[in-house]
Amino acid sequence: MERKNPGTDFRLDWFENIAINTPAAERRAASLSARRSLKKEWQAAWLLNAVRCIDLTTLSGDDTADRVARLCAKARQPVDAGQLAALGGEGLTTGAVCVYPTMVAAAKRALQGTVIPVASVATGFPAGLMPLDLRLAEIRYALDQGADEIDIVISRALVLRAEWAALYDEICEMREACGAARMKAILATGELKTLTNVAKASHVAMQAGADFIKTSTGKEPVNATLPVSLVMLRAIRDYRDRTGFAVGFKPAGGLRTAKDALNWQVLMAEELGRDWLRPDLFRIGASSLLADIERQLSHHVTGRYAAVHRLAAG
Ligand SMILES: O=C[C@H](O)COP(=O)(O)O
């Protein structure tokens, strides 16, 4: 996957005066479903779109090559073929799979013959508490194994100490190590304390050349939330207005229900427009979301068959 965001010089003036009004962001996020209800007949299409944007993930201490192979089989055919045909979604795959660096080779083998990218976490995921040279070496290792995309973690301490230039320099080095591979910067928002920090870290990551900004590792006590996502999406919009570059967004961690998949897509559409709802600009990082989407899709298929039978019966 080719990267798109060349980054910029460090521009503190683009974000130093940002101050996010947390209650206002929370109110806006909380009123999402009241403002936008998706028509039932369109829900299956939105759910299928969510599937093609999923980074199907396994990041467990007991991962094995066999588990990764099963995950990849699911990525190739995420929804029952009969259901997909009934809904007009033939050929659908997930957006990518996401694994630890030592599982990349197994994932590449299992995905041979497809164009499904393999994303690898790196840089000492999830905490990132390793010397920088080791974190950079891990990126190079994952690429050597065949990773197409790299999900880096940022140093939370640099955010908490407001060392923005140091954060920028570190992410630039990671960006360079990633070469042509798409780089997603995990902000670990649940550990950044304030929404203002989330906004500022988003700007720094984009200026340093992140192709995506991602909310969470899935390992923090609080993972993806709608208020955090709202703030990140507005930072993406601001960066696009200043530079012309569209940076992608990846909510991740704790997204488990079809309703989550719909809510996050509606938020994206509201803040950035429907054009952003495609795998090169939107991914959902999730290990267990697909099961609920499948369940909900099967209701849509059943509903459609019931309607056809009613019509046939006359
Ligand atoms: O990047 C993806 C996350 O680690 C997935 O988190 P999850 O297991 O809560 O879905």
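Touching, or being in contact, means that the C-beta atoms of two residues, placed from the backbone, lie within 7 Å. Before going on, please keep in mind that this is a predicted model, where local features need pLDDT of at least 70, side-chain atom pairs count only at pLDDT 80 or more, and totals for chains, interfaces and linings use all residues. Residues are numbered from 1 along each chain as its sequence is written.

Back to our residue. Asp 260 is found in helix 12, residues 258-272. Helices (H or I, at least four residues) and strands (E, at least two) are DSSP runs, numbered from the N terminus. Is Asp 260 buried or exposed? Asp 260 counts as buried because it has 20 C-beta neighbours inside 10 Å. The rule is that a residue is buried if 20 or more other C-beta atoms lie within 10 Å of its own, exposed if 12 or fewer, and partly exposed in between, with C-beta atoms placed from the backbone. Now take Arg 76, which is 184 residues from Asp 260 along the chain: the C-alpha atoms of the two are separated by 22 Å.

As a reminder, strands of a sheet pair through backbone hydrogen bonds, either parallel or antiparallel. Two strands pair here if DSSP finds at least two bridges between them.

Let's look at strand 5, residues 182-186. How many of its residues are buried? The count is 5 of the 5, so strand 5 is largely enclosed by the rest of the structure. Both of its faces are covered: Arg 182, Lys 184 and Ile 186 are buried on one side, and Met 183 and Ala 185 on the other. Strand 4 (residues 149-153) pairs with strand 5 in the parallel sense over 5 bridges, and there Ile 152 has Ala 185 as its bridge partner. Strand 5 also pairs with strand 6 (residues 212-214), again parallel, over 3 bridges. In that pairing Ala 185 stands opposite Ile 213.

Ile 213 comes up again in the nonpolar core. A nonpolar core is a set of buried Ala, Val, Leu, Ile, Met, Phe, Trp, Tyr and Cys residues joined through C-beta atoms within 7 Å. The largest one has 96 residues, and Val 97, Ala 107, Ala 205 and Ile 213 have the most contacts inside it. Which helix gives the most to this core? That is helix 11 (residues 226-243), with 9 residues. As for Ala 107, its contacts beyond four places in sequence are Val 68, Cys 72, Val 97, Val 99 and Val 118.

Strand 1 (residues 54-57) and strand 8 pair in the parallel sense over 3 bridges, with Asp 55 opposite Gly 285. Gly 285 is also among the closest of the 13 residues that surround the ligand, along with Gly 218, Ala 252, Ala 286 and Ser 287. A residue is near a molecule or strand if its C-beta atom, placed from the backbone, lies within 6 Å of it. By class, the shell has 5 nonpolar, 8 polar and no charged residues.

Most residues other than glycine have a negative phi, and most peptide bonds are trans. However, the peptide bond from Phe 125 to Pro 126 is cis, with omega near 0 degrees. Pro 126 sits in the loop between strand 3 (118-121) and helix 7 (132-144). Ala 162 has a positive phi, near 55 degrees, and so does Ala 188, at about 55 degrees. Where do we find these two alanines? Ala 162 is in the loop between helix 8 (156-160) and helix 9 (164-178), whereas Ala 188 is in the loop between strand 5 and helix 10 (195-207). Ala 162 is exposed, with 12 other C-beta atoms within 10 Å, while Ala 188 is buried, with 27.

How values were computed: Nonpolar A, V, L, I, M, F, W, Y, C, P; charged D, E, K, R; others polar.
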